[in-house]
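Please read the following account alongside the model, moving from single residues to the fold as a whole.

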Amino acid sequence: MLAQFKYAVQYVLGTDQAGNRFTVFPDDTFLVSYPKSGNTWVRFLLANLIYPNEAVGFANINRLLPAPGVSSKRFLRNLPRPRILKSHEPFDVRFRKVIYLVRDPRDVAVSEYHFDLKKRYIEPDVTLEQFVKRFINGETSSYGSWWEHTASWIAARNGNPAFLLVRYEDLLSDPIGETGKIAHFLGIHAGPDRIEAAVQRSSADRMRKLEKQQADQWTGTKNTRKEIPFVRAAKSGGWKETLPAHSVEEIEVAWAPLLNFLGYPLQTPELDNKTVPAWVRTGQPL
């Protein structure tokens, strides 16, 4: 009874956190990714695209493009529809329209390692090599491993017209074109000038400046180690300069089929002929 009363008070005050226990509407769209895959960058891109007259920043991104994990049920329910929501959840049958952002897991491992140091989720003496082993086993995230998360969405939805697969690397190399594809998927009629403006306002340099100004106003950076930035290199292939060769091989041995399927070249030659399982390739379980 006391717990119910406390939750009722939190709901009225808007201080509860919905998590994954919130009402999903049929016209919702979800921006989904495994953690540290560029989700925050794409949130900025979308917010700048949808709200060209807003000063998008870390201080208001949770309002402009909300994340149920840090939003109250009341806030989410009162949002104008159709909603666009950010999520890190593995496959959820309730999410009917999804933009799935995927990133090379070798880069994800490095990014998550530094993020976990920033958030004090791991001790400072944990090495990157040690972290990679935990990362592969799905022990570094409550969302499971990169393979489990990515495969769950691709196996269930790949080829579905309500599912848009976006590679972080493609977004980096062609931000105008890829943002245009996302806008089309969302039914946003935006011309080249508006898309280019959204891309420029979401640049890594601008986000770094905003982080320095607003770090204490955003859930992702509040009360974290300030000497470790949230917006780091913001590039692809950085793992080649950072990951030890044996850590690269461990990731590739574990996930070669899905890496091949997603077009991420392997450094371990004998793994190149490992083909993706049919259920991933076709989007239908066997």
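Ile122 has a relative accessibility of 11% and therefore counts as buried, where buried means under 20% relative accessible area, exposed over 50%, and partly exposed in between, computed with a 1.4 Å probe and the protein chains only. The model is a predicted one, in which local features need pLDDT of at least 70 and side-chain atom pairs count only at pLDDT 80 or more, while totals for chains, interfaces and linings use all residues. Residues are numbered from 1 along each chain as its sequence is written, and side-chain values use heavy atoms, with hydrogens and water left out.

Ile122 sits in the loop between helix 5 and helix 6; helices (H or I, at least four residues) and strands (E, at least two) are DSSP runs numbered from the N terminus. Leaving aside neighbours within four places in sequence, Ile122 is in contact, meaning heavy atoms within 4.5 Å, with Tyr113, Asp116, Leu117, Phe131 and Arg134. Ile122 and Thr140 are 18 residues apart in sequence, and their C-alpha atoms lie 9.1 Å apart in space.

The loop between helix 5 (105–118) and helix 6 (128–136) also holds Arg120, which counts as exposed at 52% relative accessibility. Although Arg120 is not a glycine, its phi is positive, at about 65°. A positive phi, near 60°, is likewise found at Asn223, a residue other than glycine. Asn223 belongs to the loop between helix 11 (204–214) and helix 12 (239–242) and counts as exposed, with 61% relative accessibility. Most residues other than glycine have a negative phi, and most peptide bonds are trans. With regard to the peptide bond, the one that joins Arg81 and Pro82 is cis, with omega at about 0°, and Pro82 lies in the loop between helix 4 (73–77) and strand 2 (84–87).

Pro82 leads on to a pocket. Which residues are the closest to the centre of the second largest pocket? The second largest pocket has a volume of about 370 Å³, and of the 17 residues that line it, Tyr51, Pro80, Pro82, Arg83 and Ile84 are the closest to its centre. A pocket here is defined on a 1 Å grid over the protein atoms alone, as an open set of points where a 1.4 Å probe fits, with protein on both sides within 12 Å along at least five of seven lines, and lining residues have an atom within 4 Å of a point. Grid points are joined across faces, edges and corners, and the volume is the space filled by probe spheres set on the points. By class, the lining of this pocket comprises 11 nonpolar, one polar and five charged residues, where Ala, Val, Leu, Ile, Met, Phe, Trp, Tyr, Cys and Pro count as nonpolar, Asp, Glu, Lys and Arg as charged, and the others, Gly among them, as polar.

Helix 10 (residues 192–201) has Ile195, Ala198 and Val199 as buried residues. Seen down the axis of helix 10, these buried residues fall within an arc of 100°, so they line one face of the helix; the arc is that of the directions from the helix axis to the C-beta atoms. An α-helix has 3.6 residues a turn, so residues three or four places apart point the same way. The face turned away from the buried side of helix 10 carries the exposed residues Asp193 and Gln200, whereas the cover over its buried residues includes helix 2 (39–50) and helix 9 (175–186).

The loop between helix 2 and helix 3 (61–64) contains Ala55, which is exposed, with a relative accessible area of 61%. Asn60 is placed in the loop between helix 2 and helix 3 and is buried, with a relative accessible area of 12%.

Turning to the whole protein, its secondary structure comes to 14 helices and four strands, and 50% of its 286 residues count as buried. Of the contacts with a separation of 6 or more, 70% are between residues 24 or more positions apart.
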